[in-house]
Amino acid sequence: MKIKEIAKLLDAQVLCGDEFLDNEVYSACGSDMMSDVLAFVKDQSILLTGLLNSQVIRTAEMMDMRCIVFVRNKRPCADVIELAKENGITILASPDRMYEACGRLYAAGLKGGCTSEK
Amino acid sequence: MEEQLRFRYEVDGDNFTSAGEASVSVKKKLRQLGFAPEIIRRVSIAMYEGEINMVIHAHGGRADVVVSKDKIEITLDDDGPGIPNVELAMQEGFSTAPDNIRSLGFGAGMGLPNMKRYTDTMKIQTELGKGTKIIMTVNI
Ligand SMILES: Nc1ncnc2c1ncn2[C@@H]1O[C@H](COP(=O)(O)OP(=O)(O)OP(=O)(O)O)[C@@H](O)[C@H]1O
Ligand SMILES: [Mg+2]
């Protein structure tokens, strides 16, 4: 699925990284606990979260995730957006709540792909 | 590559916003050095978890990364409170993080287990009231 299709499914605004909207992503992960994201993700390229701090961006960067969706219409501050730009990460902001956002993507065929390492 | 490469970082314990910067920087350096993505990911995640731990549990510390011929070694060294029961701390889900840390997305009690999972060796030296030193290696 392309990032732009995800933006459409989630009725999301693109806050940065427009240039990557045509990139393909294959799986996603939704969490507000960064160490959970770091534990179970493998080759997931989208992170859905309700958290807004710079660690969200760094966590995504650690996992090689290419796109972050902030749910419930939350807007990160300019510094956080700047950090995402520096790391080549697309940020989407969706009015959906976490459960709905994940559900919509899953129903559209984007899987979780959660396998822990080793 | 005969000689070793060494990167050293001071990790600021008073600034949560910058927590993780050192690990992001190491990740970029390892990329430039051309390591496989899987190796880079394991090193940087393990270091990131340790770096965040130093910020939230130990008022900051120091991070050293040494790249040698056959392995990458990450040392995290702090002057924090120490870990009273390492075996307990290593269990998934064990955390002493307060609510304000949880609201920042940390405190799942997954950091130390993740560090162990992503590395080939991990040693913890800790003394109450003195600090904690964690040495991890990832084989290349
Ligand atoms: N450097 C350290 N100094 C003192 N205590 C530590 C240190 N690192 C970890 N601990 C202790 O070990 C516990 C478990 O650490 P771990 O990283 O597994 O979980 P956490 O940091 O609480 O949550 P998470 O990593 O999931 O965000 C911590 O809650 C803390 O009590
Ligand atoms: Mg931790």
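In this predicted model, strand β3 (residues 71–78) of chain B pairs with β5(B) in the antiparallel sense over eight bridges; two strands count as paired if DSSP finds at least two bridges between them. Helices (H or I, at least four residues) and strands (E, at least two) are DSSP runs, numbered from the N terminus. Three residues separate β4(B) from β5(B) in a hairpin, and Gly129(B) in the turn has a positive phi of about 80 degrees. Strand β5 itself (residues 131–139) is mostly covered, with seven of its nine residues buried; buried means under 20% relative accessible area, exposed over 50%, and partly exposed in between (1.4 Å probe, protein chains only). A salt bridge joins the side chains of Glu127(B) and Lys130(B) (3.5 Å, N to O), where a salt bridge is a side-chain nitrogen of Lys or Arg within 4 Å of a carboxyl oxygen of Asp or Glu. Glu127(B) is partly exposed at 44% relative accessibility, whereas Lys130(B) is exposed at 56%.

The model is subject to the following conventions. Residues are numbered from 1 along each chain as its sequence is written, while chains are lettered from A and ligands numbered from 1 in the order in which they are written. Local features need pLDDT of at least 70, side-chain atom pairs count only at pLDDT 80 or more, and totals for chains, interfaces and linings use all residues, while side-chain values use heavy atoms, with hydrogens and water left out.

The contact between the chains (heavy atoms within 4.5 Å) takes 33 residues from chain B and 24 residues from chain A. The buried area, namely the accessible area (1.4 Å probe) lost on putting the two parts together, summed over both, is about 2,300 Å², and carbon and sulfur atoms give 50% of this area. On the side of chain B, Arg41(B), Tyr48(B) and Arg117(B) lose the most area to chain A, together 25% of what that side buries.

Five salt bridges are counted between chain B and chain A. The elements giving two or more residues to the side of chain B that touches chain A are α1 (21–32), α2 (37–58) and α5 (111–118) of chain B. The largest share of that side, eight residues, comes from α2(B).

Asp64(A) takes part in two of the cross-chain pairs described here. With Arg41(B), its closest N and O atoms are 3.7 Å apart; with Lys27(B), the N to O separation is 2.8 Å. The latter pair runs from the loop between α3 (54–62) and β4 (67–70) of chain A to helix α1 of chain B. Asp64(A) counts as partly exposed at 25% relative accessibility, whereas Lys27(B) is buried at 1%. Both pairs belong to a network of salt bridges that links Glu61(A), Asp64(A), Lys27(B), Arg31(B), Glu38(B) and Arg41(B).

Over all chains, the structure holds 15 salt bridges. One of them joins Lys2(A) and Glu24(A) (3.4 Å, N to O). This pair links distant parts of the chain, 22 residues apart: Lys2(A) lies in the segment before α1 (3–9) of chain A, and Glu24(A) in the loop between β1 (13–16) and β2 of chain A.
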